[in-house]
Amino acid sequence: MTDQRSLVLGGGGLAGIAWLTGLLAGFEAEGVAVAATADHVVGTSAGATVAGQLASGLPLAELYRRQSEAALQNAELTPDPATVAALTAAWGKLVEESVDPVELRRAVCDLALAAETVPEAARREVVAARLPHHEWPARPLTLVAVDADTAEVELFDRAAGVGLVDAVAASCAVPGIWPPVTLGGSRYVDGGVRSSVNADLATGARVLVLAPLPDEALTAQVAELEGRGAGVLAVTPDEESAAAFGVNPLDPAVRTPAAAAGLAQGRRIAGRVREVWGR
């Protein structure tokens, strides 16, 4: 196995975008340049957005300011809190009723296809505005989505023939909240329908997993990576960061506190990250 380093960025709404950015900025502030030295990045949902932002080449300090300072924050569509609460309850019921992961994915995809949402174009405009540049980076980047018609995972990269904005939008299409993204006659939804982290899609000898939201699959995914011989560190929000997320990670107001909490957590654990990352 080569000494390749993979960075895995998981989903978690606007809170997740801000926390991931803060975390990476915290590592860098302590001399651990994870974002700049990753050989492969895997992004899902919020993580796809952060991966796309990193691809712009803007300094992490600037990306952090765009999350932490209200005057620089991107304008967002804000879903009705009641809709978010109802959707969370519906997801919980589907999880309780579905014992097969494929069956669960199909049920969530059906929910996404039937939901009334904002128009695709309006949502794409928001995603495009989040990304400072719209070109795929030279280094390997994999963005995870799910085909809403087949419930199968779809991996987008620069060779897929799909623009970066559309790939990020597909990976961020939260079922029931945002519209599925139409690409080449197929419709795609959030990669979190498979897993909010998708750490098992990483490659290389060193893997850093940053997971804003709990994912029951993460333990098994880390074990799979370790079984391949990889050194793995999985980072989840500490108590301060979890509190900063609030009750609705899609609320734009959570960005400033979540970014600050991520920065502080990143600085605290940078030493542990360096042990795994090696740079």
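Reader: Leaving aside residues up to four places away in sequence, which residues does Gly26 touch?

Author: In this predicted model, Gly26 is in contact with Leu263, Gly266 and Arg267, once residues up to four places away in sequence are left out.

Reader: And where does Gly26 sit, in which helix?

Author: Gly26 has its place in helix α1, and the residue is buried, with a relative accessible area of 0%.

Reader: How far apart are Gly26 and Ala260, in sequence and in space?

Author: Along the sequence Gly26 and Ala260 are separated by 234 residues, while from C-alpha to C-alpha the two are 9.4 Å apart in space.

Reader: Let me switch to helix α4, then: which of its residues are buried?

Author: Helix α4 spans residues 60-68, and its buried residues are Leu60, Leu63, Tyr64, Gln67 and Ser68. These five lie on the same side of α4, because they cover an arc of only 130° around the axis.

Reader: Why would residues three or four places apart point the same way?

Author: An α-helix has 3.6 residues a turn, so residues with that spacing point the same way.

Reader: What covers the buried residues of α4?

Author: The cover includes α1 (13-29), α2 (34-37), α3 (46-54) and α11 (255-277).

Reader: New topic, strand β3: how many of its residues are buried?

Author: For β3, which runs over residues 141-147, the count is seven of the seven, so the strand is largely enclosed by the rest of the structure.

Reader: Which residues are on each side of β3?

Author: On one side there are Leu141, Leu143, Ala145 and Asp147, and on the other Thr142, Val144 and Val146; all of these are buried, so that both faces of the strand are covered.

Reader: In what sense does β3 pair with strand β2?

Author: Strand β2, residues 40-44, pairs with β3 in the parallel sense, over four bridges, and in this pairing Val42 stands opposite Thr142 of β3.

Reader: And what about β4, parallel or antiparallel?

Author: The pairing of β3 with β4, residues 153-156, is antiparallel and also runs over four bridges, with Ala145 standing opposite Glu154 in β4.

Reader: Which residue takes a positive phi in the hairpin of β3 and β4?

Author: That is Ala151, whose phi is positive and near 65°, in a hairpin that has five residues between the strands.

Reader: Last one: over how many bridges does β3 pair with β6?

Author: Strand β6, residues 186-190, pairs with β3 over three bridges in the antiparallel sense, and there Val146 stands opposite Val189 in β6.

Technical notes. Residues numbered from 1 in each chain as written. Predicted model: local features only at pLDDT ≥ 70, side-chain atom pairs only at ≥ 80, totals over all residues. Heavy atoms only, no water. Buried < 20%, exposed > 50% of the residue type's maximum accessible area, 1.4 Å probe, protein only. Helix = DSSP H or I, 4+ residues; strand = E, 2+ residues; numbered from the N terminus. Arc of directions from axis to C-beta. Contact = heavy atoms within 4.5 Å. Pairing = 2+ DSSP bridges.
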